[in-house]
Amino acid sequence: MILSLFRKKSDPAPVYAIYNAIVAQSRQPRFYADWLVPDTVTGRFDMISLHMALLFRRLRADAGPGKDFSQAVFDLFFKDMDRSLREMGVGDLGVPKKIQKMGNLFFGLLAAINAAMDAQDPLALEGVLSRNVYDDARGPHVAALADYMMKQDRALAGQPAEALIAGTIHFEDAA
């Protein structure tokens, strides 16, 4: 607890810039119209989570500023989820329980994505997406999202960590 007082805080402007870019990318109509991601609160949470996972994968090797930046983006993500739940009418007593559940879902998804993508296994990634985004459905739409994730991961790997921490991220279009 006391050590958090001495931790260097990330500049909020780049954190907001990256988070806003992730949210904007997650709202591309193609995900919902063509790739059949459910256009629901849960489906949108899933798409933001997938893009957050891609960012965290890119920054995980950077123990210094990348780790602090990732934590700041994560904190903003869940602050936004808290706000959204309250706007949807979830009561003050229910919000922490829902946020904890969302956090557990996110970390489970992140671990499964990392395992599949570290192994460069598109079929394993399809399985992760099928279970977590598509309620166990299979099909070309699941393969398309898995392919998109693999391409984004490669594209982000080519972007310098310094640029990301400064608030600049480039996602490929969902094609």
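In the predicted model, phenylalanine 74 has a relative accessibility of 15% and counts as buried, because the cut-off for burial is under 20%. A search of the whole structure gives 14 aromatic pairs. In one of them, the ring centres of phenylalanine 74 and phenylalanine 107 are 5.2 Å apart and the ring planes stand at 35 degrees, so the pair is classed as tilted.

Phenylalanine 107 has a relative accessible area of 45% and is partly exposed. The ring of phenylalanine 107 also pairs with that of phenylalanine 106; here the centres are 5.6 Å apart and the planes are at 70 degrees, so the geometry is edge-to-face. Phenylalanine 106 counts as buried, at 1% relative accessibility. Ring pairs join these residues into a cluster made up of Tyr19, Phe45, Phe56, Phe74, Phe77, Phe78, Phe106 and Phe107.

Another ring contact involves a charged side chain. Arginine 44 lies over the face of tyrosine 32, at 4.9 Å from the ring centre.

Isoleucine 113 is also placed in helix α5, which spans residues 94-118. Isoleucine 113 is buried, and its relative accessible area is 0%. Beyond its neighbours within four places in sequence, isoleucine 113 is in contact with Leu50, Ala53, Arg57, Asp118, Leu125, Val128 and Met149. For leucine 50, the C-alpha to C-alpha distance from isoleucine 113 is 8.5 Å, while the two residues are 63 residues apart in sequence.

How values were computed: Residues numbered from 1 in each chain as written. Predicted model: local features only at pLDDT ≥ 70, side-chain atom pairs only at ≥ 80, totals over all residues. Heavy atoms only, no water. Helix = DSSP H or I, 4+ residues; strand = E, 2+ residues; numbered from the N terminus. Buried < 20%, exposed > 50% of the residue type's maximum accessible area, 1.4 Å probe, protein only. Contact = heavy atoms within 4.5 Å. Phe/Tyr/Trp six-rings, centres within 6.5 Å; stacked < 30°, edge-to-face > 60°. Lys NZ or Arg CZ within 6 Å of the ring centre and 35° of its normal.
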